[in-house]
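Please look over the chain shown here before reading on. The paragraphs below go from the whole chain to single residues.

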Amino acid sequence: MVGLLAGMLLAALDQTAVATALRTIVADLDPAHGITRMSWIVTAYVLAAAATTPLYGRLSDMFGRRPCYTAGMTLFLAGSLAAGLAQSLDQLIAARAVQGAGAGGLIGLSFAVVADLAPGRSRGRYQGYFGAVFAVGSVAGPLLGGFLAQQQPWPGDFASWRWVFLLNLPLGLVGLAMALPAMSRPSRKRSGARVDVAGALLLVGGVCTALLVAEWGGQRYRWTDRPLLATATTAAVLLVTFVLWERHLARRADARPDRPIAPLLQLRLLGRPVLRLAVPVAAIVGATTFGAIVYISLYLQVENGLDPITAGLHLVPMMAGVLLGSTGSGSVISRFGRYEFFPVAGTCLAAIGLTLLGSLPAHSSAVGLSVDIFLLGLGLGLVTQVLVLAVQNSSGPEQLGAATATVTFFRQLGGAFGASLFGAVLAARLAGASALVEDPARLRELSPAAARAAAGEFADAAHAVFLTAAALMAFAFVLSVRLLVLLRRAGATAGQPRQAG
């Protein structure tokens with residue numbers, strides 16, 4: 001458990017740790033032109049993690065969790081070493097993609113291994129631990145990155161921001177050494193099915209191209225520009241081809257069970273009512289978690305004039321809420337076996353917290369802001385890991401890895417698209433204050449009147465971002481109510497898997 005939690009923490013931290021260190025990194029590696037490409041330091045990681053998560057889940061069902069988890073950690077540590085030693089921005093972006101390819105296995109397989117090892121009812125408590133570590137790691141990332149980036153170079157002229165990546169090496173190796181003995185025996189017998197290489201390529205290509213559209217739309221290109229339309233068309237063709245290919249493989253496996261090619265993503269799983277409702281809720285929760293961390297931190301730096309470390313400290317109430325929600329819900333599930341009402345309560349509290357953030361007055365009190373952020377964190381903590389548990393309890397042992405990876409994949413994908421969506425909302429509402437997004441410290445260079453006007457314009461744009469996230473969470477609340485009704489009718493508990501299938 002400790003080894004798996006260490007791997008989960010590293011993967012979650014590295015999603016957001018560079019958020020507050022980006023300007024320091026760009027100034028060191030490419031001060032002339034890096035500002036236009038610095039978002040790729042984050043995007044490359046999230047893209048690779050989201051695209052590879054279902055691949056790890058499917059391979060682990062075929063070959064066992066242990067070799068797949070080892071491969072994921074090895075890729076993650078190799079990418080961390082390359083990122084820490086990168087000599088150019090291109091090298092760093094490539095290393096971040098390798099890191100993300102490994103993180104896709106650390107995040108998805110940790111939940112699957114717990115489902116293998118833990119009995120039904122106690123599984124809720126352990127999933128609560130992992131949900132807490134994932135969310136707290138994501139929130140703590142900006143604080144850690146900002147702290148390390150502002151230290152003096154050590155040793156010698158070795159830039160301090162490099163330790164954001166290099167500290168992963170000892171922690172990852174210790175975690176891997178602790179976790180592997182518990183997975184010494186494969187969770188499954190090796191399957192005779194072959195790996196769906198074509199499906200993996202189509203999925204990775206389609207997801208990456210679609211996220212390029214979300215990243216470029218309204219910012220690098222207008223939505224009607226030909227390059228963006230061509231990219232969107234390519235994404236649609238790749239994703240539609242992927243769906244058709246997976247359906248073909250499923251029919252072929254039924255017709256020729258002696259020599260099957262196992263589909264990467266079992267589309268039949270999406271036909272199950274539990275998964276059909278849990279997937280969009282997970283995507284919205286992922287979008288809100290990632291977007292809230294980035295834009296609350298940015299809001300504090302621009303509106304309140306805080307430095308990155310102090311802005312990160314203001315996210316501590318969110319960490320406390322996530323920790324309380326995840327561990328508390330896990331304990332309740334372990335004791336009583338009921339979990340179906342937690343997504344409803346979590347999405348409701350998160351929607352309220354986001355709505356309050358969207359109506360904050362200028363220069364609001366620290367207490368009021370902390371309460372709003374705490375409510376958001378508490379809501380996210382109540383819902384994050386419970387969705388994974390609901391999906392696992394509706395799946396058979398032979399599909400456990402694929403089902404877990406599916407919901408984790410869509411949560412990661414939601415985070416990637418959420419960051420792009422909220423960035424588009426922010427850009428659409430900004431004009432004179434747009435430069436402050438790249439460097440909030442420029443407020444100090446303006447006259448008092450101009451600074452107040454620019455900060456007020458940015459605050460209005462940030463409020464629009466929070467209210468957009470609140471509307472998405474309200475939709476997730478509606479879906480969670482439907483999930484509650486479904487699970488109540490099925491009479492599912494954490495100790496009675498597959499009743500809700």
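The model is predicted, so local features need pLDDT of at least 70, side-chain atom pairs count only at pLDDT 80 or more, and totals for chains, interfaces and linings use all residues. Residues are numbered from 1 along each chain as its sequence is written, and side-chain values use heavy atoms, with hydrogens and water left out.

The chain has 18 helices and zero strands. Helices (H or I, at least four residues) and strands (E, at least two) are DSSP runs, numbered from the N terminus. Of the 501 residues in the chain, 57% are buried. Buried stands for under 20% relative accessible area, exposed for over 50%, and partly exposed for what lies in between (1.4 Å probe, protein chains only). Among the contacts in the chain with a separation of 6 or more, 82% are between residues 24 or more positions apart; a contact means heavy atoms within 4.5 Å.

Helix 4 can be checked for its length and its buried face. This helix covers residues 65-84, and its 20 residues should span 28 Å at 1.5 Å a residue; the end C-alpha atoms are 28 Å apart, which agrees. The expected span is 1.5 Å times one less than the number of residues in the helix. Which residues of helix 4 are buried? They are Arg65, Cys68, Tyr69, Gly72, Met73, Phe76, Leu77, Gly79, Ser80, Ala83 and Gly84. These residues cover an arc of only 165 degrees around the axis, so they sit on the same side of helix 4. The arc is that of the directions from the helix axis to the C-beta atoms. An α-helix has 3.6 residues a turn, so residues three or four places apart point the same way.

Glycine 64 is buried, at a relative accessible area of 0%. Valine 113 is 49 residues from glycine 64 in sequence, and the two C-alpha atoms are 9.7 Å apart in space.

Next come the charged pairs. Side chains of opposite charge can pair when their charged atoms come close. How many salt bridges does a search of the whole structure find? The search finds four, a salt bridge being a side-chain nitrogen of Lys or Arg within 4 Å of a carboxyl oxygen of Asp or Glu.

One of them joins aspartate 14 to arginine 96, with the closest N and O atoms 3.8 Å apart. Aspartate 14 belongs to helix 1 (residues 2-16) and arginine 96 to helix 5 (residues 89-117), so this pair ties together parts that are 82 residues apart in sequence. Aspartate 14 is buried at a relative accessible area of 2%, and arginine 96 is buried at 0%.

Arginine 222 and aspartate 225 form another salt bridge, with 3.3 Å between the closest N and O atoms. Aspartate 225 is placed in the loop between helix 9 (197-216) and helix 10 (226-255).

Glutamate 340 and arginine 338 meet through their side chains in a salt bridge of 2.7 Å, N to O. Glutamate 340 counts as buried at 1% relative accessibility, and arginine 338 as partly exposed at 27%. Salt bridges link Arg338, Glu340 and Arg488 in a network.

Turning to the cysteines, the structure holds zero disulfides; a disulfide is a pair of cysteine sulfur atoms within 2.5 Å. Cysteine 68 is buried, at a relative accessible area of 8%, and cysteine 348 is partly exposed, at 32%.

Two further sites complete the walk. The peptide bond from tryptophan 154 to proline 155 is cis, with omega near -5 degrees, and proline 155 is in the loop between helix 6 (123-149) and helix 7 (163-166). Aspartate 372 is found in helix 15 (residues 366-393) and counts as buried at 7% relative accessibility. Apart from its neighbours within four places in sequence, aspartate 372 is in contact with Gly353, Leu356, Leu357 and Leu360.
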